[in-house]
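Subject: Structure handover and findings

Hello,

Here is the structure I said I would pass on. My notes on what was found in it follow below.

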Amino acid sequence: MSVAFTKEESAETASETLLPDRPISPHPNLVTEAGLQALQAQLREAREAYEAAQAIEDVNEKRRQSAVPLRDARYLTERLRTAQVIPDPASTDVVAFGSTVTFSRTDGRVQTYRIVGEDEADPKAGSISFVAPVAKSLIGKAVGDVVGSGAQEIEILSIA
């Protein structure tokens with residue numbers, strides 16, 4: 001094998017393993033207690049994946065397998081460092097961070113979401129980020145309030 005080929009392969013591998021950092025949101029890093037625990041678990045998993053990759057003997061494969069866990073560990077470490085745990089709301093009078101809100105849309109759909117931090121939001125699982133437009137419009141409102149305008153109106157049916 002020629003040295004030129006080896007250098008080319010290494011340069012190729014290096015470009016594959018220099019992943020850009022995951023973007024950090026400019027918003028405050030508010031999290032629920034469950035969200036904090038999820039971030040901690042994800043960081044443990046990233047570190048375990050990185051350690052497993054370090055056991056690989058082939059240098060190029062080690063770099064490839066280390067890239068994602070290393071990037072994720074940097075991101076998660078920063079998110080944990082800046083996390084602000086917000087306790088569950090003491091009242092269900094108005095929508096707040098951590099509230100579970102059921103609302104109806106003008107088109108007849110009834111939806112229920114819990115308002116959580118950005119890293120823990122998963123609309124398919126019933127949670128949305130506090131910075132999502134719908135969450136922003138709901139926070140501070142009470143049952144019976146209508147927010148939005150025209151075809152985009154939603155009415156709050158319950159708060160838990």
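Leaving aside its neighbours within four places in sequence, which residues is Thr102 in contact with? In this predicted model, the partners of Thr102 are Val110, Gln111, Thr112, Glu155, Ile156, Leu157 and Ser158. Thr102 is part of strand S3. It counts as buried because its relative accessible area is 16%, and the cut-off for buried is under 20%.

The sheet

Strand S3 belongs to an open sheet of 5 strands, ordered S5-S4-S3-S7-S6, with mixed pairing. S5 and S6 are the edge strands, each pairing on one side only. S3 and strand S7 (residues 154–159) run antiparallel and are joined by 5 bridges. Across this pairing, Val101 is opposite Ile159 in S7, and Phe103 is opposite Ile156 in S7.

S7 also pairs with strand S6 (residues 146–147), in the antiparallel sense and over 2 bridges. Here Val147 faces Ile154 in S7 as its opposite residue. S6 and S7 make a hairpin, with 6 residues between the two strands. Gly148, in the turn, has a positive phi of about 95°.

Ser104 is another S3 residue. Its relative accessibility is 17%, so Ser104 counts as buried. Setting aside neighbours within four places in sequence, Ser104 is in contact with Arg109, Val110, Glu153, Ile154, Glu155 and Leu157.

Nonpolar cores

Nonpolar side chains tend to be buried together in soluble globular proteins. The largest nonpolar core in this model has 17 residues. Those with the most contacts inside it are Val95, Val101, Phe103, Ile115, Phe130, Leu138 and Ile156. At least two residues of this core come from each of S3, strand S4 (110–116), H4 and S7. S7 gives the most, with 3 residues. There is also a second, separate core of 9 residues, which includes Val31, Leu39, Ala46 and Leu80.

Rings

The structure holds 2 aromatic pairs. One of them is formed by Phe97 and Phe130, in an edge-to-face arrangement with 5.7 Å centre to centre and 70° between the planes. This pair links distant parts of the chain, as its two residues are 33 residues apart. Phe97 is in the loop between strand S2 (84–85) and strand S3 (100–105). Phe130 is in the loop between strand S5 (127–129) and helix H4 (133–138).

Elsewhere, the charged end of Arg22 sits over the ring of Tyr75, at 3.9 Å from the ring centre.

Regards

Terms used. Residues are numbered from 1 along each chain as its sequence is written. This is a predicted model: local features need pLDDT of at least 70, side-chain atom pairs count only at pLDDT 80 or more; totals for chains, interfaces and linings use all residues. Side-chain values use heavy atoms; hydrogens and water are left out. Rings of Phe, Tyr and Trp (its six-membered ring) pair if their centres lie within 6.5 Å; planes under 30 degrees apart count as stacked, over 60 as edge-to-face and the rest as tilted. Helices (H or I, at least four residues) and strands (E, at least two) are DSSP runs, numbered from the N terminus. A charge sits over a ring if NZ of Lys or CZ of Arg is within 6 Å of the ring centre and within 35 degrees of the ring normal. Two strands pair if DSSP finds at least two bridges between them. A nonpolar core is a set of buried Ala, Val, Leu, Ile, Met, Phe, Trp, Tyr and Cys residues joined through side-chain atoms within 4.5 Å. Buried means under 20% relative accessible area, exposed over 50%, partly exposed in between (1.4 Å probe, protein chains only). Contact means heavy atoms within 4.5 Å.
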